[in-house]
Amino acid sequence: MTGIEELSETMEQEDFDQIKISKEQLTEATKFSQNQLRAMVDMYYNLQKLRCGAANKKRAHDQQYDTLFDSILMDVMKDRLFEMELKTGKILETYVKSKPLGQWALSITGLGAITVASLMGHIDFSSCCCEQYDGIPRKKRPKHNCPGLMYGSNIHSFAGLNPNQVWEKGQRRPWNARLKTTCWQIGESFKKAFSVKKTKMDDKQLRIALYDAAKAKNKILTEDQLNEKMIKEKKRLAKKVESIKGEEWFYVRLYHNRLIYENANNEAGKYKREAEKRLALYKKVVKSAEDEKKYAEGKKILMSGKLTPKAIEERSKRYAVKFFLSHYFDVGKSLLTGEPIERAVKPWIIQHGGHSCYIPPPNFPMK
Ligand SMILES: [Zn+2]
């Protein structure tokens with residue numbers, strides 16, 4: 001996946017390729033400190049937000065909801081912001097590609113330059129997780145010889161993926177909001193990278209799907225065109241089914257396998273208590289008759305003691321993302337210490353006693 005897929009749905013790869021930045025600027029990018037990188041990631045997201053805002057304003061103007069703004073001026077602003085966004089994206093991509101950890105993460109299906117830059121900017125391997133300083137703000141901890149992050153699970157908590165974490169009222173948020181968003185995006189990419197549904201369709205179903213997809217774009221396919229499309233689509237799907245066997249698809253497979261497992265659990269009623277918990281929360285969410293209608297389907301499922309398909313998806317996504325983060329940690333530690341992966345993750349092995357169940361990261365060391 002290139003950076004482009006995360007940049008904008010409307011943008012073309014060409015736009016991204018056309019962005020020119022001087023060599024000096026790009027060399028500069030590879031020398032960023034972690035703080036600089038983090039600032040650049042923030043800048044990127046801020047620019048994106050502004051650009052989307054400008055685009056919305058323009059749309060509102062075009063559809064005559066909002067006639068206060070000069071549409072032409074908005075258009076110019078949107079384009080300029082877009083250009084800056086692309087440049088920032090390119091700079092981030094340059095940074096990520098210049099670092100071994102970034103190269104590894106980029107080699108994984110579902111990860112793009114911006115998400116990897118965000119991970120690299122926010123995950124600090126030297127940050128202190130020593131138990132004796134638990135509860136003491138990082139800046140107030142005395143200087144000590146610190147091993148830094150010890151386990152992949154340290155990252156899970158930091159990314160807000162630890163289910164036991166609660167954000168108490170008046171307390172500082174115990175996770176990093178940007179990192180949490182990034183992790184959610186990674187999960188989405190794992191999910192969207194492969195559609196099991198399509199590969200399971202028979203000829204007739206696939207025909208209908210292709211016909212409908214074209215129709216949605218106002219194109220009515222003739223019989224010949226449809227036949228031609230069928231051949232192409234089947235080839236594409238076969239290729240995809242083949243490619244998903246590759247190492248770089250590890251987390252996508254993990255997600256889909258987990259989905260089957262979670263669904264079976266759900267059907268067997270294993271999430272009854274969780275469903276009850278959510279049902280209790282549900283009453284807080286629903287405030288109007290409109291809400292009532294919107295959530296009616298979900299309520300029915302929860303009342304039957306099961307979680308909604310969406311919740312099952314989120315569970316499976318979190319599982320795959322946590323696995324990825326643990327591996328990101330292992331690869332990072334290995335690169336940092338120069339030790340092979342088995343030795344770099346020693347703490348994990350000690351913690352879990354015996355390392356027979358350790359699943360090493362895919363595509364590492366990189367080929
Ligand atoms: Zn420490």
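In which helix does Val116 lie? Val116 lies in helix α7. Helices here are DSSP runs (H or I, at least four residues), numbered from the N terminus. This is a predicted model, in which local features need pLDDT of at least 70, side-chain atom pairs count only at pLDDT 80 or more, and totals for chains, interfaces and linings use all residues. Residues are numbered from 1 along each chain as its sequence is written.

Start at Val116. Val116 has 27 other C-beta atoms within 10 Å, so Val116 is buried. The term buried needs 20 or more such atoms, placed from the backbone; exposed needs 12 or fewer, and partly exposed falls in between. Leaving out residues up to four places away in sequence, Val116 touches Val96, Gly102, Ala105, Leu106 and Leu111. Contact means C-beta atoms, placed from the backbone, within 7 Å. Lys97 is 19 residues from Val116 in sequence, and their C-alpha atoms are 9.8 Å apart.

Now follow α7 to its partner. The axes of α4 (residues 34–62) and α7 (residues 113–122) come within 8 Å and cross at roughly 140°. Axes are lines fitted to C-alpha atoms over the stretch in contact, with angles from 0 to 180 degrees between N-to-C directions. That makes α4 oblique to α7. Angles under 35 degrees count as roughly parallel, over 145 as roughly antiparallel, 65 to 115 as roughly perpendicular, and the rest as oblique.

Last comes α14 (residues 272–285). Its 14 residues should span 20 Å at 1.5 Å a residue, and its end C-alpha atoms are 20 Å apart, which agrees. The expected span is 1.5 Å times one less than the number of residues. The number buried in α14 is 1, so α14 lies largely in the open.

How values were computed. Helix = DSSP H or I, 4+ residues; strand = E, 2+ residues; numbered from the N terminus. Contact = placed C-beta atoms within 7 Å.
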